[in-house]
Amino acid sequence: MQTDDGCRGDQGATLHAVSSAVLAVTRHLSVHEVLQVIVRAAAQLLDARYAALGVPDDEGSFAEFVVAGVSDEEWERIGPLPRQHGMLAAMLRDDAPKRLADIRKEPEFEGWPVAHPVLKDFLGVPIRDGENVLGIVFLANKQSPGGFTGHDEELLTLFAAHAAIAMSNARLHEHNRELTVVAERNRLARELHDAVAQKLFSLRLTARTASALAERDPARTVQELAQVERLAAEALAELRAVIFELRPADLADGLVASLRKHVEVLDRAHEATVRLAADETVVLPEEQEAVAFRITQEALYNALRHARAGTVVVRLGTQDARAVLEVADDGSGFDASETEPQGGLGLASMRDRADSIGGELTVDAAPGKGTTVRLEVPL
């Protein structure tokens, strides 16, 4: 007979397992990342060989389907997902928990591809936000003997309730990011119109004036052409500034690829040489990559606009279990002892961004000796 201390011990272990699984999920902000971590955490929590999570669409099938325990090669051989038939489609219609000793004996067990792994015991639980079903998590083939129990169903239901919060938060985060991108594009459009377009209009008028004066007033024509040159230089500077502020709508291709694209644009737009030296294997969580990219962008802006650097090098690598990102330039530099140098380089903002992801930002600079901005983030 189990004692009260034994019951409390089992309950404590269960709550600890659920807590660990939930924390693993809530560290992520990307919807796709959250789905992947939910699947892995659910499989680990209940010792399942296979796990999957399906997000329903409006047509009786899945808008997204994430699996664990199946290799990429196996998944490719399995082929398309069931739409209007099979156990997974049946759960989409019923959206109620389902626990089976042997799924192969169920009437809904049909249409399974030959390449699909052999499934036996099965547990499926909806992930709900109120009456709305955000997804359904499926587990199969419990690795410990006896199959899934009623306690397992309760445990997965509890975990699904927390997973729903993580999914909703991730969707809200992505929606807010999309709104931010739209606002940024609108701002850039206004800047193009207000600054660059007006200068180009003035440039056109001045060029016409110079053309009209060319024959009868050569001296005035020279003055007007000098004005054309000045306006053209200002328009080019404004265009470079706007191009610099353009950023990827997201970092779907990863930090290294996004940095490479950005560096290539700046190298073409500026007289300075801008280079990237990056370890392709460095991968950070999405939130950390977004902050690292923004800090790099700010440091590059300072090097090209304020320091008038001839060469800027962006480096990304690892050191002592930390990702290290550096932006080094050979520009005018500044007194690093100043809290915020004259002209405002956004150093306080960059440090705040670094703190927000558990990173550390250091700046090595001296007048006439260039600047190196270094971001370190724990891996």
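Modeller: A cavity is a set of points, on a 1 Å grid over the protein atoms alone, where a 1.4 Å probe fits but cannot get out, and its lining residues have an atom within 4 Å of a point. This is a predicted model, in which local features need pLDDT of at least 70, side-chain atom pairs count only at pLDDT 80 or more, and totals for chains, interfaces and linings use all residues. Residues are numbered from 1 along each chain as its sequence is written, and side-chain values use heavy atoms, without hydrogens and water.

Colleague: Which residues line the largest cavity?

Modeller: The lining consists of I295, T296, A299, L325, E326, V327, V373 and L375. At least two lining residues come from each of α8, β8 (322–329) and β10; helices (H or I, at least four residues) and strands (E, at least two) are DSSP runs, numbered from the N terminus.

Colleague: What volume does the largest cavity have?

Modeller: About 30 Å³, where a volume is the space filled by probe spheres set on grid points joined across faces, edges and corners.

Colleague: Which residues of helix α9 are buried?

Modeller: Buried means under 20% relative accessible area and exposed over 50%, with partly exposed in between (1.4 Å probe, protein chains only). In α9 (residues 347–356), L347, M350 and A354 are buried. They lie on the same side of α9 because they cover an arc of only 60° around the axis, taken from the directions from the helix axis to the C-beta atoms. D352 and D355, on the other side, are exposed.

Colleague: What covers the buried residues of α9?

Modeller: The cover includes α8 (286–306), β9 (360–365) and β10 (371–378), with contact meaning heavy atoms within 4.5 Å.

Definitions and conventions: 1 Å grid on protein atoms, 1.4 Å probe; cavity = no way out; pocket = protein on both sides within 12 Å on 5 of 7 lines; lining within 4 Å.
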